[in-house]
Amino acid sequence: MLILSLILWIIYANPSLAQYHINRPKRVFPDFKFPSDYKDVPRVFEWKNLQYGFPSEQEREQVLRNGRYNPDSPIPIDIDVYYPRNGGPPRHFVTSPRFGQGVPYSLAYVTNVQRQNGSEIQAYPSYQWHSSHGANCDGLTSVYRVHIDPCGQMWILDSGEIEFVQYCAPQVVVFDLATDQLIHRYRLPETSYKATVSRFVNIYADIRDPPPRGQCKDVFAYLADPTSKAIVVYDVMGQNSWRIENKFTYPDAKFGTHTVAGESFELLDGPLALAVTPLGLGLRRHLVFHALSNDLELAIPLDILNNATNWQKGLSSSLSEFVTLGRRGIQCASHAISRQGIWFCGFLEPIGIFGWDIRRPYNRENVQLLALNPVTLQFVSGLKIIQRPSDGREELWLLSDRLQKIFAGTIDYGEINYRVLRCDVEDLLQGRGCF
Ligand SMILES: *[C@@H]1O[C@H](CO)[C@@H](O)[C@H](O)[C@H]1NC(C)=O
Ligand SMILES: *[C@@H]1O[C@H](CO)[C@@H](O)[C@H](O)[C@H]1NC(C)=O
């Protein structure tokens, strides 16, 4: 508590940092109305260490003994939230890929059970979907990230690896969250990935026929493969997929060192962040993306991206269609774009959430710091915008995981290492922050 107070004092006593936090953003969302009441900081989840639940105590003891559960191995990297249409309680999903051995399952929901070191999680859709540890490719081997769409479908991206060994083909698995039924599966064909090189870490499903009028059938999903430095387009109706790999999807060695709160790690990764510009803004729609190890923000029109014919020439395909939005001079990991066209990303320095109105130039003046917290926001690995069905307001959900400490081996399980945070998007855009 004393350390936290000291850090907060340093932030507020340092005028160059404090001005970011206190000033209301001038450029982002200028016509915004100030609300009369202020919301309290909403509920968050925190873990010193992920707290796994098991079907039985015997199962927990057995996997602890045989090495399939090592409490220090799992690292959460993504969050997504489902608000049932019928007004039931929200469900919170977290992922923890099998980077190493000892991860009992890589997709879970957060329960209300409070344990010593954080909330208990349980396997989704069931423990059996995960328990073969790579032996059964009809289950889930290693889920990196998920995307819950406006139809209540969860798009699950499974890299198929354990400890970087490919057990199963990478796959996209879709569950209907209203019924918890499997509704779709697509195993990537060998033309869409590079065996032993690819690692699929992020998915964005663009629903082109959304509710209430649409059927949620006309979908293009975009998959990020940072180790083979490519984006894969999956045309769901056409049952086809193709790779986009060129100079725009490559990392930049100048951004291969990632420094967070004074600790550094090396990673030369290609595409990570994916988001599409919203329907209904009257603009030509684009996929906005960036490589983790690059400061370039890029876009490609969806009409070009979604036509396989445009990508038949490999590295030289459609290069002139890529739009260089700008350079931010620092890395940021996952990003999302709100319904109104505001982009959000968590920067490594200063450690905060930045916002940008996609209609303006991507430059220092327009990319604004909205919230700053060097303690809770260290490495924002998961970031989603979710619309609450009850009142239509949008929420920004974040998962931060102090990745730099994991790489450096300095992680201390006596302190909070993993956090799920939530902000009201409108509050954030007014510079109130919410952390
Ligand atoms: C796809 O692109 C090619 C040219 O690259 C064009 O001839 C064709 O009409 C396009 N298909 C559709 C469905 O737009
Ligand atoms: C909780 O964390 C403490 C401190 O790191 C550790 O000693 C203990 O075993 C953990 N308990 C559980 C249930 O993970």
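An oxygen atom of ligand 1 is 2.3 Å from an N or O atom in the side chain of N307. This is a predicted model, where local features need pLDDT of at least 70, side-chain atom pairs count only at pLDDT 80 or more, and totals for chains, interfaces and linings use all residues. Residues are numbered from 1 along each chain as its sequence is written, chains are lettered from A and ligands numbered from 1 in the order in which they are written, and side-chain values use heavy atoms, with hydrogens and water left out.

**Around ligand 1**

- The residues around ligand 1 are N307, T309 and N310 (a residue is near a molecule if one of its heavy atoms lies within 4 Å of it).
- N310 also has a side-chain N or O atom 2.6 Å from an oxygen atom of ligand 1.
- On its own, ligand 1 has 360 Å² of accessible area, and the protein covers 27% of that (Shrake-Rupley method, 1.4 Å probe).

**A four-stranded sheet**

- Strands β23, β24, β25 and β26 form an open sheet in that order, with antiparallel pairing (strands are DSSP runs of E, at least two residues, numbered from the N terminus; two strands pair if DSSP finds at least two bridges between them).
- At the edges are β23 (332-337) and β26 (368-372), each of which pairs on one side only.
- Four bridges join β23 to β24 (residues 342-348), and H335 stands opposite C345 in β24.

**Three disulfides**

- The count of disulfides comes to three (a disulfide is a pair of cysteine sulfur atoms within 2.5 Å).
- C332 and C345 are joined with an S to S distance of 2.2 Å. C332 lies in strand β23 and C345 in strand β24, so this pair ties together parts that are 13 residues apart in sequence.
- C332 is buried at 0% relative accessibility, and C345 is buried with a relative accessible area of 0% (buried means under 20%, exposed over 50%, partly exposed in between; 1.4 Å probe, protein chains only).
- C137 and C168 have their sulfur atoms 2.0 Å apart, and their link is left-handed, with -80° about the S-S bond. C137 is partly exposed at 26%, while C168 is buried at 5%.
- C151 and C216 form a disulfide with sulfur atoms 2.0 Å apart. The torsion about their S-S bond is about -100°, so this disulfide is left-handed.

Key:
A polar contact is a pair of N or O atoms within 3.5 Å; within protein, one must be able to donate a hydrogen and the other to accept it, and residues adjacent in sequence count only if both atoms are side-chain atoms.
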